[in-house]
Amino acid sequence: MGKTGYRFNPETLSYDKIHTTIGKRLISLSIKFFQSLSLALVLYFAISSVIESPKEKALRREKDEILAQYNLLNTEIDRLDGILTGLEKRDDNIYRVIFEADPIDVSIRNGGTGGNNKYEALRNMDNAELIINTSKKLDALSKAMYIQSRSYDEVEYLVRNKMDMLASIPAIPPVSLNNKSIRFASSYGNRIHPIYKTVKLHAGMDFSGPIGTPIYATGNGKVHSAKNRSGYGKCVEIDHGFNYHTLYAHLDQYNVRPGQKVKRGDIIGYLGNTGQSTGPHIHYEVRRNGHPVNPINYYFNDLSAEEYERLVEAANNNGQTMD
């Protein structure tokens, strides 16, 4: 049943009855409802754009904190990268120079850490560039630290190897120069052969002294041979490793056997006059890579600077050998 209403009629100056149906009233109410709802939504979004909700405030704070942490992380990565760069320079220019090793190749140090595909999953994130750049820095730092760690492993090996090498390289005279009966007899180089009277390379140094004077190993190593050799008489040869051999000739007696390990300063034999010799003496040779070198350059471990200078002067004034 409809509801009766009244409307003023200006022509008759009276109120006319209006009969409103239920359908019209529902339509009218629906229109008012949707108008009110629309107004409420407009007001909600307008207010939301100006005033943050507690949840939005919390999310914004969390985002700001994450960005701040990323910036701090980038600063720390840059600091660590600077420290690592300093370590790399010392490694290449000091440690490896000392141990006669080649520096790490630049292409290895600066090599990539993988393609860009590994960062594709990060490109859809907020602040993607910051996150991707930080990830790249971390990957590069991690790779550089790994390479430097491997380099230090190699340097550690070189240190141990260097210690063995320093102990093995011939570094003392084969006789004690404190023994007053020992005399320097002839030096390395082209000298007049005492028997053939011709100029010939004398591939070692001669020290004269009484028969039976102890002869010492000049570096750690293994006895390669102890036997009579043509011209050298009773002779001991030591393999020191690192491409070094030493030879001790004209011995009176052996004090070692082939294959025996010796240390610098061990007595390996006794001075004699065997083989082609014009008098009791020890002929001493140093060979590197199979070629004779001047033994005088290897007396750095047992002589003072003054003693070394006197020995060099005597060597330069010598013209004839004893064998």
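**View 1. Glu 285 and its salt bridge.** Glu 285 is buried, at 1% relative accessibility. Buried means under 20% relative accessible area, exposed over 50%, and partly exposed in between (1.4 Å probe, protein chains only). Glu 285 pairs with Arg 287, their closest N and O atoms lying 2.8 Å apart. A salt bridge here is a side-chain nitrogen of Lys or Arg within 4 Å of a carboxyl oxygen of Asp or Glu. By this rule there are 4 salt bridges. The model is predicted: local features need pLDDT of at least 70, side-chain atom pairs count only at pLDDT 80 or more, and totals for chains, interfaces and linings use all residues. Residues are numbered from 1 along each chain as its sequence is written, and side-chain values use heavy atoms, without hydrogens and water.

**View 2. Glu 237 and Arg 229.** This salt bridge has its closest N and O atoms 3.2 Å apart. Glu 237 is buried, at 11%. Arg 229 is partly exposed, at 25%.

**View 3. Lys 137 and Asp 78.** The closest N and O atoms of this salt bridge are 3.2 Å apart. It links distant parts of the chain: Lys 137 lies in helix H4 (residues 128–168) and Asp 78 in helix H2 (residues 54–98), 59 residues apart. Helices (H or I, at least four residues) and strands (E, at least two) are DSSP runs, numbered from the N terminus. Lys 137 is partly exposed, at 32%. Asp 78 is also partly exposed, at 44%.

**View 4. Asp 206 in strand S6.** Strand S6 spans residues 205–208 and holds Asp 206. Asp 206 is buried, with a relative accessible area of 0%.
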